[in-house]
Each structure stands twice: as structure tokens, then as C-alpha cells.
Amino acid sequence: MRITRKQAAAAFVAVAALGLSACGGGGGGGQAGEGEPELSNAALGGIAEESDEKGGTLKFGLAGEWGDTVDPGETYYGYSWDMLRNYARSLVMFKTEPGEAGVELTPDLAEDLGESSDGGRTWTYTLKEGLKFEDGSPITAQDVKYAVLRSTDKQTFPNGPAYFEGLLDLPENYQGPYKTPDVNTDQAIETPDERTIVFKLKQPFAGFDYLAQLPQTAPVPEDKDTGTRYKDHVISSGPYMFDGEFDPTNGFTLVRNPNWDAATDPNRKALPDEMTVQLNMDPDDVDNQIIAGTLDVDIAGTGVQPAALPKVLQQADLRERADNPTLARLWYSSINPTVAPLDDIECRKAVMYAMSPTSYQNAYGGEYAGGAIATTILPPMIPGYEDFDLYGFKDNPNGQEDKATEALEACGQPDGFEFKVAYRAERPKEKATAEAFQQSLEKVGITATPEPLPEGDYFSATCGLPSYVVENNIGICVNGWGADWPDGYGFLSQIVDSRVIRDTGGSSNTSVRIPEVDDMIDEALVEQDEDTRNAMWGAIDKRVMEEAVIFPGVYAKAVLLRSQNATNVFVNESFGYYDYTAMGVKPE
Amino acid sequence: MSLMTPTSPEASRHTGPYLQVEDLRVHFETDDGTVKSVDGLSFAVEKGKTLGIVGESGSGKSVTSMAVMGLHTSKNARISGSIKVDGQELVGAPIDVVRRLRGQKMAMIFQDPLSAMHPYYTVGNQIVEAYRIHNDVSKKAARAHAIDMLDRVGIPSPRDRVDAYPHQFSGGMRQRAMIAMALSCDPSLLIADEPTTALDVTVQAQILDLIRDLQREFHSAVVIITHDLGVVAELADDIVVMYAGRKAEHGSAEQLFGEPQHPYAWGLLGSMPRFDRPPTERLLPIKGTPPSLINVPEGCAFNPRCEFSSRVPGERCVTDRPEALDAGGGHRVACHLPTAQRRQIWADEIAPRLA
Amino acid sequence: MILYIIRRLLAAVGLVVVLSMITFAIFYLMPRLAGASPETLATRYVGRSSTGATVEQRAESLGFYDPVPVQYWNWLKGVLFGTDVSTGADTVRCPAPCLGYSFKTQDPVLPEILDRLPVSFSLAIGAAVIWLVLGVSIGVLSALKRGSFFDRAAMTLALAGVSLPIFWTGLLALSIFSYQLGWTPPGGSYTPFSESPLDWAFALLLPWVTLALLFSAQYARLTRAGMLETMSEDYIRTARAKGLPERTVVAKHGLRGALTPIVTIFGLDFGLLIGSAVLTESVFGLPGLGALAVDSTRNNDLPMVLGVVLLVAVFVAVANLVVDLLYAVIDPRVRTR
């Protein structure tokens, strides 16, 4: 899932607006962690304001525009996926339960999780009976097949996840159902009857259920499909449907879908009669309205703005409504081994030891708003996470000058060296991180100069462009990553596989080029046993950390706030924020 | 006449001079000190008569006219003495009382008719406005009156010109329109401040003729303010020569042109451009520059520029301020030289050089 | 006069063309200078797990492989004659003036802009009325009472008004009037005029006042300076000499003379404000053009940026034209020259 640029921008505005709280000292956030009373965290691991009461209007607010689209074939934003489950059902979904259960998969449209055969190359799902679209027409396996096929047309839906076209055994030159409607695609997806759908892959893929939970498997009726315009009114398969058109400017309203049958859907409570999403709000105003009760949730789920944070931490009634979950997100920095002398592992280790993990944490706003000091790439809630600390970050939160100096000797640079630390200019926290690197590394004689770069091109033209990094002596790229889904592959594949790096730029992975890791990924992909597979992801994490090409900063945390009207609230661990299918509102 | 009963033109039963100014002082407080623009000036004008006030710029003549009109709005202006129009005291009178007199009993013509008329309103509109403040008539009647006034000041096809804007008029026409505006309420006192200075020489004479004709027609008291003796020579019955806010010489036109007695008046006469001489040849140039009105020279204000002060015994020109004393026949001169000596100097030294 | 208007309109069209060219150039040249390829550009418009093939396909469909002038011509052609666009499922006609399709959402640009225009326009017009009334009257009073306590207080406040950031005053106003007192609706509640003029005005009241505060200050200073100058003109003396009451002198003769510079600035301000009330729109959650401009710039959404630039340029040009025509109404010397 993608953290939006907009949220970063929103944070920026808020920081500018409340310069005090943001700039009140680098340690401000850190101190908040020690002396402050605990947040309620009632919606973490349990259900806050548990309720079965139906009715009312649940009000969502969002700073800026809707991140991308509401089309299940193309949407790629985390909160969009969370929200989407109210109007679209995929084959499989994450459990709508608090705690660790949230990262477990459970069938949705399908009667059961996928049944694999052919060594993980073939995956079969059977649809439940009695499933209907909002217009009353039955949902068939063909509708699911059509939905998946149209999502592979990247000319029409360029922004969506690109897993299916990579894995499905589609015919050569297949360009999707719009341009090549007559091509027989049974070799990739077969629908022997109205309730059975069989996916056939080019190579074994053990974690296919994770793909089956993507919004892209939510059924789309072919006769109602209008391509890029389909998002104007997505035909609902879930408990709610769009009231009129989706308006990316003014927002939208979801109303009950009369053709949704609760008997087919044990996962959704569908409490409110209506859900409204108000867009283009001011980020601080979103917080203020949640405090005042005119809004119930910030749909972005990235936490309150710095302006409201002190208030939330100090006011008892607000603490009661606040939660501090860890997100499936790592704020980290890439150490680029293509930039001399960082091509020498000892020089990279010097950076690892010299950098103070605490200063990284403070740059992100301390323990509550920023997150916990990270020692691994995989965040703790991802299955496969293994707790190790190769560089002793936890015991030495302020950096280890002695070890850094030793490492510098070992790589033949006792007097240190110079490089630039690139960061996204629009993100104040990344700027603070770059400055933290500068200050920490200075102590051992390494001159790291912060280098602001525009966010829009960060991966396509600067940090993500291999030649640019080398030519401009960019030793470190400040970075961040959230999982597409909470498992090792969903989290790691885009940031540690060297094969995603393109000479033309555009890759999120800027520093990890370890052939051994590439092989380990391929092995894990086909491992059928889940526990073994998860252990393999942990091993990959460790292998990458050994190479000292990633400095893990913090496991991201956020301070979430809900209104006093919100009921049945819990954090869904697979998203890291409130489960939008579960929430209801108190009666007026 | 009491202020309690505002006068209307018809009700005027006052006898004596229509405008009477006594010991007028207009001082301005500035950061650098007090500017004594007018300092103890007295004169009077009767209906049907014309008074010319002559002096260099900065001599206080325009300040005097503004004081009469009650147009010194600055908080820093301090006015004392007495200004009576038709017997009514204006100094110290409520602002609104003076305002009602303006345009009605007393009107004014300004130097530059282009800047003095509002560029955004038609000529007719501006005359109508002036007329309707003081006369409760319909717009239509006021417009007819405006056309009539334009006709009377000699503007051709006034019916068309009434809707023209000031910038569409020539300089002379504009001044005629200005005069029409001033006379629209049939004022008994007309003050013309440098009415011809901004105009072509050929037009100047026409305007002066017009003022004279209109004066006869309206039988008003006229005050002409100018630095140009030629203008007053044509029009004025009486003439006041001002220097540094005070009266230097005051007499009838015959007295002043026939036998001027103040050295400053000699200088002015000598500076008059004349067609029979090359323009560069000024016979009696006044040396030096007008004095600062903050630091007026001790004694006679003209003494630093006066080439005859040495003929006054002692240092009187530097120590004593001369009063404007009657030199015979109402001819007042503010000079320490004895009258006989002044007459002699004029006859022997000045007049021949001007001939 | 008609010829004059035509000439001005042509100049406006020229301005719009030049502006669009500059926007185009900035968009394509800056990354090029930084060494970006068509694929680099296209990477902005694909999902993060995309393959190289997808990127190339995207670059192709966005026309990035064409020379920049050709791309510009294609865009211009759409504006002039309209163009056909594929939605995947269908081909739809985008009639002239077709401002193109968003690189990001693939939605047509024009409807999105037209959707937001009323918001920006509503914001600008209400604020303008308030700031003109407030600014001009304070300016006039200040000028007439120059040096007085009122003048000093007003000008100090004006300075403060100019210096106070809108996101601060706006948030403060919201927190007091909306959340604590509950007098005004919360941020983000915009009702179209056509639905309910009362709700429309009610929801926009705070944004109007906040925005007007900033401009009032500026206009008060401007009016004061203008009035001080006009009130010393000869024609003011003439007006007084006619015996006009001071009220008439100030309102009819003084203010009219001081109006020209105010009208000039106002035309520019108003035209620009349509597309630049970014902070106000953001603070009060109003989906206007300013917010759109910022969002689309951040998203590198060239067609959307071009669309907004184009529209704002048209507005500024029209506002200038109106100002010119107003000049003729105000100042007959312009009309009859």
C-alpha cells in the first residue's frame, strides 16, 4: 500500500502552520514518549465502543483529493483498499478482527481459501451461492475473471498493482479484454462453471491467496464496464453502493446496497446506514472536526497532524479516543553501494555504526508519532518478521563512534569521506533525517551533505535512477516503504530484489543488489509451507542487513483519533489503521 | 449683519465696501517654524469696482484669496483679523455658513482651468452642480442655465459643448467655461486668481475683456490676483502691491501707474515685458530672490533687495518695519524714504529709464 | 472601441498561447536538463510495482516519444478542434475546447476545472465585495483624518493584516467561530449557490472574511495614498469653492479621482485570485482551482496544470479587458482620446 504524497504535503502544511510543535527541538517528539500518559489504545488488539447498533451516518474526511481512484482494477492506495471493501468484495480478504487475526486471510466471495495444485501453479476458488451485484444480477466467476483481465490492461489502468500480468500464464501479446477481446485466455484463467474460477500461473507462487485478496479480483460486470470511466460509478458487490457518482473533488456517499445478502458475508457488520467521504479538507481542520465531532475518522489513517498532537496527548478525553498502532511501514534509508567508497562494505558499516538511531526516531516525531527504532527491514506485524539486531541499535541508541572508527580503518578511509544524503524536499521529516545523518556522521569524520530533491521525480529521475546516484555522489537516499500486503513477499519484493532496478529509473529499490537475495526470493516464492516460507523471508531480511545497504530507521507508528460518536472501532493490522467495514456510529 | 440671519442676495441691505479685509493674518505652523504668509493686510472693494493684488509668487496674494473664500482647510492654518463680505464676518464663522456663501455670494476663477476642472465630469455637469447647490431647481432647468451661461461667456454652440469634457476644450474655452461656472450663481464678489497666466497671449486679452464685460453686466466686486502688472493695468480700479505677506503700496490705478512710490513697485514696472524693447532688456531688474516667509528680514522685508535703502538715514530699513502710510490722496506706501524723496527718485531716476 | 476590444482579445489569446508554451517547456525541459528520458517521465504515471514494459507502454500512450513541439501541437489541436480519446472500453469524443486528459486520473480536464470554477469564483467575488467596501472606506477615512488616531490605528492594523498568514487567521477563525461558538459551519462545507444561496453565503462567510482581511489591508493603504493625492488636486479646491458640502467633495470628486489605480489593481487581483487562493481553499477545505493547481503540480499532472494555467490566464486577460473598459467609463479622457 502506498502512503500518499498528499499526506506528506499535508503534513508539511501542518508543520508550517504549527512551526512551534514541529520545530520545538529535535528531541520534542522523543520527550513526549517518556513523560506523557498512555493513550487508550482501546482499538488496538480489542474493539473500542463495541456495538451492533445499526443506523446513522459515518463521516470520513480526507485532506486533499482522493489519492487515486475507486476503481477496484486500478486503486493502489491503502485507505482506498480499506474503504473499497464496503462496496467491493474480492475472492479473499483479511479478517475484519482486531489484533494479529487482522493479517490472516479469510474467504470473502469464495467459499474457502485457494486450493492449489500443480505445485502451486494452479489455484482454484469456488464462489458462494446467492451473490449479487447492486442491480440484482448474479455475480459469476466470469465477472471475477473479467475484472482480473481488465486490470492487466496497463494502458488503461497504468497505476494499478502489476502482479497478475506478471504471474498469470496469459497468451503472448495479450493486451486485455478491450483491445484483444477475442483472444482465448483460458490458459491463464478458466471458469468451468459460474461458480468456479481457476488461475494458472507461469511459475509456482505459494502466496497466491494474497493476490486473490487484491481489489483487482472484485467482480466487474462486463456490460457495465466503461473503462477509465467505470470509476464514476463502480457497480457494488458489497454492503454499500455509490449514491450517484464518485466525485474526486467533492467526495462521495455510500448507501446500503439492497442486493447485498448478509448471509453470504460473515466478515462485514455494515452498521451505518450511510457513509460520507468529504475531500479536499485542510489537514488540521480534519483533526479539529474529529475532535469537535463533525467528522468521525480521517480516512487517510496516517495519524493526527503535529498541530493537534500535543492536544491529543494531553487531554484526557482525547486520549480515550486515541490509538497508537504500528503500521506495516518502515522509514529507512538506502546506502548506495554503487557510490565509492561505499562500494566497500566496511565503509557502509561505518555509516551504520555512526548514525544515531535515536536521532532518526526524533526526526520522525519521536516514539508515538514517529515509531519504534527499527533493527530489521520487516516490521514486527508482518509474518516472517524475525527479531534480530545485527548492529546493536537498541543497546546503543546514540550511535557507536568507536565501531564506526574501526570500520573506517578497515575500509582504508580513516579520515572519512564525503557524499550527499538525498531526501524529498517536500517532506520535513526526511529533511530532519538527512540532517541527523549529517550530524552523526560528522563525529567520525564523514561529511554527509543533505541534498533536497523534488518528490515527483525522486524515484524516476534522481534517487531511483542508478546513473544519477553515481554521478551526483549520492551515498544515501532517505526513503520509506509500506507493504502491498502484510507478508514477506508483499513487503520485500519491491525493495530488495535487484531485478526491479531499471537503468531508466523508477524503482523503489535503490541500493540492494545481492544476487544471493534474488535467488532466495525465488525459492521463497515457491515454498508451499507457510511457516517455512515465512522463515525464509526473515532470512532474506537478515542477509540484506548483513550487507549494510539499508539503514532501518523506525517502524512507523501513528496517533489515530476517532470521534466520540464512532462505535465498534479497531485497528485492522493488515492496514495499520481503523477497519472501515466494522465501524458504526452512536444513534443521535 | 448678524450671523444668526444668513443673508440672501436680495436681502442685502449692507452699505459700504462689499468686501472688507482688516488686518488679515494667515499663519501656518510647520515643523520649521511659523510661515507668515499674510501678515496684517487690509483692503476693501466695492461693488462694481475691481481691485488688483500684485506680487511675486509667495507674496501672499493667493493665500489671501483662499482666506477670503474660506478654503484654508489645513488644521495648521491660523487666520485672524477680519474678512467681511456684504457686512458678514467670515473669520471665525461656522464652516457651513462660509460654505453656503461660496459659489453663491463669492466665486473664484483659478489659474489653470485644466487642472481646476474635474477631468471626469462634463463641463455642463460641473456648472449644473455649482448652480444646483445654491438653487433648488430641476436638472433640466439647471442644464438650460448652464447652456445660457456658456453662451454668455462666449462659447460657440453651447448646446453641444455643454456635454463635452474639459480636455476637449481649448485653454481659452476652458477658462471661459470656468468663468461661466463661477458666475452661474450670480455672485457679487468674483475673485480671479491669475486668470490668464496659463493662457496664450492672444487669448489673455479676450478673457480680460470678458471679465470686464461681465463685471459691468453683473455689477459685481472683482478681485484680480496676478503677478502681471499688465493685467491690472487693463482692469483694476485700485491696486495693492504685496511683498512678503504685507502691503507695500496701495492706491488707485492712476496713482500706481502715474507715480509709483515703492522701490518694489518700480522694480515690478521695470520688469514688465514690453513690445517696443528686446525681451532680454529689463530696465530695472529686481535683484535677489523673494524672502523666506519663516524668516522674514528684520525691518523692511524688501531691504536686502532694495537699492535705495542706503539713502535712508541710519539703519531704519534694517530695524524698523515701515507702515503703509498715506502719501496723499489715499495713496499708501510702506517705505522709510520720505514722500518727497520718493517722488523725486521716480521723476529723476526711474521714469526716464522706463520711457 | 470594438476594434480595441478585439485587439485586446487577440492579445489575450496570444498571452494564453505563450503561457501554455512556457508551461509545456518547463514541464518537459526541466527534467530533460536533469537527464530524464521519456521513460523517466512515464514512471510518474504508473503504479509502483510496474515493469519496464508497462512504463514504455505508458510513455507511448502519453506521447512522450514524440518531439516536444509535436506533443504541444497535439495538445493545441485538441483545444482547437477536439480529439478522440479511448477509455479502454470505448472511444469517446472530447469536443473542442478539449484541454486533454489528466495524466494521473485519466479524467477529462475541462469538466474537473469547470466543476471547481464556481467555488473559486464564489470565494473571490464575496471576498472582493467585502474587501472593496472595507478597504476603500477605511482608506478614505484614513486619508481624510490623516495623522489622527484612527488613521494610525487603521494603518497599523492594515500592516498587520498584510503580514498575518492566512492559514493562521483561517484556522483561528475556524476554531473560534465554527468549533467553539458554532456560529459558522465547519471547514469543507460548500453549498453551490444554485442549491441554496443562503447556505452558500453562510458557508463562505469565514473564508470571505479571512481572505478579505488580507486584501482590505492592501486596499486601505492604496486608497489612502490615492485619496491623499487626489484631495490635493486643483479640482478639489474648485469643488470646495463652489460651496459643495465636504461629503460631496470627497465622495464625488475625490474618490472618483482615486479610483483608477484601485480598479487597475483590483482587476489583476481578482483575475489571479480565481486560480491562486490556494491557502484559503486549503484551510477551509474548498475544492477550488487553487487547490487543484497545487495538487496537479505536485502530481506532475501536466494537462491539468495547463488547463488551470490557461483558465487563469483567460481570467486575468478578461479582468484586464474589463478594467480597460472600466477606465473608459471612469475616465472620459480614455474614451474620447
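How many residues of domain 1 of chain B are in contact with domain 2 of chain B, and how many residues of domain 2 are involved? Point 2 takes this up.

1. **Ground rules.** This is a predicted model: local features need pLDDT of at least 70, side-chain atom pairs count only at pLDDT 80 or more, and totals for chains, interfaces and linings use all residues. Residues are numbered from 1 along each chain as its sequence is written, while chains are lettered from A and ligands numbered from 1 in the order in which they are written.

2. **Domains of chain B.** Chain B is divided into domain 1 (14-105 + 191-236), domain 2 (117-186) and domain 3 (260-354). These bounds come from an automatic or database domain assignment. In chain B, 12 residues of domain 1 are in contact with 13 residues of domain 2. Contact here means that the C-beta atoms of two residues, placed from the backbone, lie within 7 Å. On the domain 1 side that touches domain 2, eight residues are nonpolar, three polar and one charged. Ala, Val, Leu, Ile, Met, Phe, Trp, Tyr, Cys and Pro count as nonpolar; Asp, Glu, Lys and Arg count as charged; the others, Gly among them, count as polar. The C-alpha centres of domain 1 and domain 2 of chain B lie 23 Å apart.

3. **Chain B as a whole.** Chain B has 13 helices and 12 strands. Helices (H or I, at least four residues) and strands (E, at least two) are DSSP runs, numbered from the N terminus. The radius of gyration of chain B is 21 Å, close to the 20 Å that the globule rule gives for 355 residues, so the chain is as compact as a globular protein of that length. That radius is taken over C-alpha atoms, and the rule is 2.2 Å times the number of residues to the power 0.38. Along its principal axes, the C-alpha trace of chain B spans about 70 × 50 × 40 Å. Of the 355 residues in chain B, 48% are buried. A residue is buried if 20 or more other C-beta atoms lie within 10 Å of its own, exposed if 12 or fewer, and partly exposed in between, with C-beta atoms placed from the backbone. Among contacts in chain B with a separation of 6 or more, 65% join residues 24 or more positions apart.

4. **A sheet in chain B.** Four strands of chain B form an open sheet in the order S2-S1-S4-S5, with antiparallel pairing. Strand S2 (33-45) and strand S5 (88-89) of chain B stand at the edges, each with a single partner strand, so one side of each is left without a neighbour in the sheet. Strands pair if DSSP finds at least two bridges between them. Strand S1 (residues 19-30) of chain B and S2(B) pair over 10 bridges. Phe28(B) stands opposite Val35(B) in S2(B).

5. **Chain B against chain C.** Here 23 residues of chain B are in contact with 19 residues of chain C. H4(B) gives the most to the chain B side, with four residues. By class, that side has 11 nonpolar, seven polar and five charged residues.

6. **Chain A against chain C.** Here 54 residues of chain A are in contact with 49 residues of chain C. H9(A) gives the most to the chain A side, with five residues. That side has 17 nonpolar, 24 polar and 13 charged residues.

7. **Helix H3 of chain C.** In helix H3 (residues 52-61) of chain C, Thr54(C), Val55(C), Arg58(C) and Ala59(C) are buried. Seen down the axis of H3(C), they fall within an arc of 135°, so they line one face of the helix. The arc is that of the directions from the helix axis to the C-beta atoms. The buried residues of H3(C) pack against helix H2 (38-43) of chain C. Gly63(C) follows H3(C), and its phi is positive, near 75°.

8. **Two residues to look up.** Ser563(A) lies in the loop between strand S19 (560-561) and strand S20 (566-567) of chain A. Ser563(A) is buried, with 20 other C-beta atoms within 10 Å. Ile330(C) is found in helix H13 (residues 302-330) of chain C. Ile330(C) is partly exposed, with 17 other C-beta atoms within 10 Å. Not counting residues up to four places away in sequence, Ile330(C) touches Tyr120(B), Leu259(C), Thr260(C) and Val263(C).
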